[in-house]
There are 2 protein chains.
Amino acid sequence: MAKELTPREENYSQWYNDLVIKADLAENSAVRGCMVIKPYGYAIWEKMQSILDGMFKKTGHSNAYFPLFIPKSFFSKEAAHVEGFAKECAVVTHYRLKIDENSNEIVVDETAKLEEELIIRPTSETIIWNTYKNWIQSYRDLPILVNQWVNVVRWEMRTRFFLRTTEFLWQEGHTAHATEVEALEETRKMVNLYADFAENHMAMPVIKGRKTESERFAGALDTYAIEALMQDGKALQSGTSHFLGQNFARAFDVQFTSKEGNLEYVWATSWGVSTRLMGALIMAHSDNNGLVLPPKLAPLQVVIVPIYKNQEDFARISEAAGKIKADLEKSGLSVKYDDRDTHKPGWKFSEYEMKGVPVRIAIGPRDIENNTVEVARRDTLEKKIVARDMLNDIVIGLMDEIQQNIFRKSLDLRRDNTHMVDDWDEFREIMDKKPGFVLAHWDGTAETELKIKEETKATIRCIPFDAEVEKGKCIYTGKPSEKRVLFAIAY
Amino acid sequence: MAKELTPREENYSQWYNDLVIKADLAENSAVRGCMVIKPYGYAIWEKMQSILDGMFKKTGHSNAYFPLFIPKSFFSKEAAHVEGFAKECAVVTHYRLKIDENSNEIVVDETAKLEEELIIRPTSETIIWNTYKNWIQSYRDLPILVNQWVNVVRWEMRTRFFLRTTEFLWQEGHTAHATEVEALEETRKMVNLYADFAENHMAMPVIKGRKTESERFAGALDTYAIEALMQDGKALQSGTSHFLGQNFARAFDVQFTSKEGNLEYVWATSWGVSTRLMGALIMAHSDNNGLVLPPKLAPLQVVIVPIYKNQEDFARISEAAGKIKADLEKSGLSVKYDDRDTHKPGWKFSEYEMKGVPVRIAIGPRDIENNTVEVARRDTLEKKIVARDMLNDIVIGLMDEIQQNIFRKSLDLRRDNTHMVDDWDEFREIMDKKPGFVLAHWDGTAETELKIKEETKATIRCIPFDAEVEKGKCIYTGKPSEKRVLFAIAY
């Protein structure tokens with residue numbers, strides 16, 4: 001095989017990095033903490049975007065665009081918000097370069113200093129609520145259901161491909177409502193939409209729930225999240241939806257006249273997913289041969305590889321491949337016939353395994369004689385010989401089957417690595433030896449949460465929406481508790 | 001009418017600004033020179049993006065994503081490039097804010113100063129060619145045909161909605177080729193693609209040609225452009241495609257082994273269009289009633305407005321409107337039934353005229369009786385009564401007709417305002433009194449070009465590809481010339 005990954009079992013984190021590079025998804029750039037998303041990686045992100053964007057529009061949202069820059073003073077208006085983001089802000093201070101007369105080098109022109117520094121948006125609540133102020137006068141102007149697909153910057157000290165990068169791509173929805181009930185409904189609707197996307201498109205099971213106070217978004221009254229379990233037993237927060245109450249409306253003085261004629265502050269939500277989902281997708285399904293993609297997100301769903309010794313065979317195979325490709329494309333699949341003569345079939349096989357193409361079709365001279373092809377599926381690596389006239393139906397069937405199979409595998413993995421724990425020593429041992437999801441009782445205090453984190457690195461990922469009421473004792477303090485919460489070591 | 005524009009004839013520039021605001025396309029943000037693109041404006045941009053993106057992909061290009069930040073030192077590597085952009089660069093110097101202990105205000109943390117300043121990309125040649133260095137070893141790695149849809153920043157002193165803003169959205173294609181011929185072909189292919197988009201989707205005729213040396217992109221050996229004529233007689237450069245030769249390959253040391261085994265520098269192109277196209281679209285077709293959109297780019301193609309006095313009529317009209325909407329949507333049109341009871345029909349009529357919705361259907365009680373509707377087209381403002389059973393075909397026909405009609409109108413406008421001029425006084429008078437496109441002879445020197453600009457504000461927009469060889473004398477110096485070039489006062 002041309003490209004080999006560090007085995008998952010040996011070094012999970014190295015396996016992940018190898019995979020990102022060797023599957024041509026991304027690479028490090030010359031700018032610390034910023035990556036280049038390569039065409040193949042970006043094609044997967046485009047698929048995600050296009051599906052999510054459709055879901056947003058179907059639920060009544062429109063896209064817009066707000067500035068990259070946020071005046072420093074805006075930032076300070078919501079106290080919790082600035083505290084959450086101030087330490088990781090890229091700051092623009094000047095607007096011109098010049099050639100230094102002595103050194104002949106390009107330097108910052110000190111005469112072009114901004115009066116007020118501009119922050120590169122780490123998130124856009126402040127600039128957006130400053131804008132909404134002008135859009136909202138009456139209840140008739142509400143709700144506002146707006147989203148934007150943009151880049152944001154958070155100055156991270158330790159970065160990892162997709163999971164944590166200084167610049168990343170995301171969407172941020174920002175909605176404005178006349179009532180608390182409506183804003184809460186929106187918050188819930190969007191976390192449900194994210195869960196739907198994660199499970200039905202990414203084939204990645206998630207747990208929906210509320211964040212504890214200490215894990216909330218800076219400036220939110222409540223944060224809902226979806227949490228997924230990766231193959232190494234760590235949790236990955238994959239999407240969040242925030243109920244912002246009237247915090248930003250107060251900070252930016254956004255009031256409206258209600259139906260009853262009263263002046264009231266507007267209720268807000270914000271919600272987002274980012275290129276972090278790429279990291280989740282990679283880690284949820286892939287193996288030591290490379291990426292495993294759910295067919296619904298695979299830029300290339302089927303690849304056809306010819307196997308031949310002479311030009312005569314090649315011509316006959318190419319003719320057959322052309323027909324197969326056309327048929328599959330008619331069924332709406334994305335298909336490539338890789339007829340390059342610069343690489344051997346074996347090299348191509350591992351290349352497309354590395355890239356996670358769901359189905360591979362190989363055609364050799366004997367297949368032409370027998371009117372068959374070899375079909376290999378990426379998820380199980382199974383191969384079988386298939387009659388040409390059955391091929392279309394079989395491949396279409398495989399798309400569904402693979403989508404479901406990798407979801408089921410992830411579900412099994414999560415089941416096998418989710419533990420109901422009532423004993424502190426057991427809790428510690430799990431987090432230390434074989435981490436996973438742990439459902440345990442908690443006394444509801446930030447203090448206990450912090451101590452558990454300090455001793456085990458585990459955090460409360462969420463208080464699951466579907467947690468049953470069940471009397472119990474806090475795993476750490478023994479104090480009474482009403483329901484179990486979800487603990488894990490998180491990315 | 002609820003919203004009135006300053007008449008075009010009175011103050012063209014104010015008319016444009018009014019229109020952008022009143023048609024809900026964009027507004028100024030709190031950040032100098034940066035605008036907020038509002039949902040309706042963004043929906044038009046999304047249509048442009050989606051069509052262009054399809055055209056790029058059809059011609060073999062893929063999307064990717066490169067960092068927002070460019071290290072200052074990269075910038076200096078291509079001399080002409082840095083000279084062209086240094087004076088308008090936003091510079092990031094720090095990566096943290098803190099709370100000042102004395103004033104209790106948020107300030108830049110001086111201890112978090114970057115070792116090397118980062119420039120917000122004004123264009124991405126430098127960071128991309130630094131990346132391509134690692135992607136290209138052999139001729140087998142070529143061509144690279146990559147595009148990105150991103151935001152860029154150029155610190156403009158005087159800004160105007162869409163036409164010139166500090167931050168703007170664009171796509172930038174960056175391709176790498178083994179031969180000069182191939183790179184030149186790509187450069188030409190992309191300017192042709194832009195012209196195709198402008199004429200067949202934006203309904204805006206353009207002239208394709210080469211830029212003179214002084215109007216070239218900083219770092220290019222040749223720049224091709226499309227130039228359109230606006231209703232006020234000014235030219236708008238609407239898209240450019242650059243042949244970069246081996247300049248960036250040399251600056252970033254990007255060499256490849258050719259088929260013949262030689263080490264050679266890679267040939268480059270770059271090409272882009274931006275949200276400036278929104279400005280072109282607005283100015284090309286709109287009138288004193290507001291925006292006029294070509295049906296192919298209208299987010300909303302048909303609006304249905306009910307006219308009623310009582311709830312019984314309203315119910316019957318709504319039923320009919322629902323059926324009409326469903327039928328038109330089946331034909332692939334985007335349709336809205338505006339049944340709001342908060343606004344009168346007349347108000348809605350002017351609202352949708354302002355927003356440039358190509359076709360408006362009004363239904364009143366008499367229409368229900370007669371099985372008719374009133375159809376109004378936005379481009380000519382003509383109305384007629386139409387039988388319900390003919391409606392679908394008529395509306396579909398109107399989409400084509402409007403698309404063609406506004407293109408024809410623009411073409412007529414350009415014909416009427418394009419002059420062949422051989423006399424300097426006439427040239428000056430045209431530029432002074434009633435500017436337009438002027439085809440005139442030029443002696444080929446930058447000196448003459450500059451003098452003409454100083455005396456008349458007119459610049460050479462391009463040397464048209466289809467300019468006929470024709471002996472003549474330079475309009476300014478009387479020196480011999482081989483073909484006419486295109487002069488205009490430009491945005």
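This is a predicted model: local features need pLDDT of at least 70, side-chain atom pairs count only at pLDDT 80 or more; totals for chains, interfaces and linings use all residues.

Residues are numbered from 1 along each chain as its sequence is written, while chains are lettered from A and ligands numbered from 1 in the order in which they are written.

**Where the chains meet**

Two residues count as in contact if their C-beta atoms, placed from the backbone, lie within 7 Å. By that rule, the meeting of the chains takes 51 residues from chain A and 50 residues from chain B. On the chain A side, these split into 32 nonpolar, 10 polar and 9 charged. (Ala, Val, Leu, Ile, Met, Phe, Trp, Tyr, Cys and Pro are nonpolar, Asp, Glu, Lys and Arg are charged, and the others, Gly among them, are polar.) Both copies use the same surface: 98% of the contact residues of chain A recur in chain B.

Now find Val92(A) again: it stands opposite Val92(B) in β5(B). Strand β5 (residues 91-94) of chain A and strand β5 (residues 91-94) of chain B pair in the antiparallel sense over 3 bridges. Strands pair if DSSP finds at least two bridges between them; helices (H or I, at least four residues) and strands (E, at least two) are DSSP runs, numbered from the N terminus.

**One chain as a whole**

Chain A has 14 helices and 27 strands. Its C-alpha atoms fill a box of roughly 80 × 70 × 55 Å along the principal axes. Of its 491 residues, 48% are buried, that is, with 20 or more other C-beta atoms (placed from the backbone) within 10 Å of their own.

| Domain of chain A | Residues |
|---|---|
| domain 1 | 12-285 |
| domain 2 | 302-398 |
| domain 3 | 421-488 |

The C-alpha centres of domain 1 and domain 3 of chain A lie 29 Å apart. In chain A, 15 residues of domain 1 touch 15 residues of domain 3. On the domain 1 side, β11(A) gives the most, with 4 residues. That side holds 4 nonpolar, 4 polar and 7 charged residues.

**A sheet in chain B**

Hop over to chain B for an open sheet of 11 strands with mixed pairing, in the order β3-β9-β10-β16-β13-β12-β11-β24-β27-β23-β22. Its edge strands are β3 (62-63) and β22 (418-420) of chain B, each pairing on one side only. Strand β3(B) runs parallel to β9 (residues 144-153) of chain B, joined by 2 bridges, and Ser62(B) has Val146(B) as its bridge partner in β9(B).

Which helix lies across β10, β11, β12, β13 and β16 of chain B? That's α6 (residues 180-200) of chain B, running at about 10° to β12(B). Angles here run from 0 to 180 degrees between N-to-C directions, with axes fitted as lines to C-alpha atoms, for helices over the stretch in contact. Helix α8 (residues 276-285) of chain B also packs on the sheet, touching β12, β13 and β16 of chain B, and its direction makes about 145° with that of β13(B).

Definitions and conventions. Domain bounds come from an automatic or database domain assignment. A residue is buried if 20 or more other C-beta atoms lie within 10 Å of its own, exposed if 12 or fewer, and partly exposed in between; C-beta atoms are placed from the backbone.
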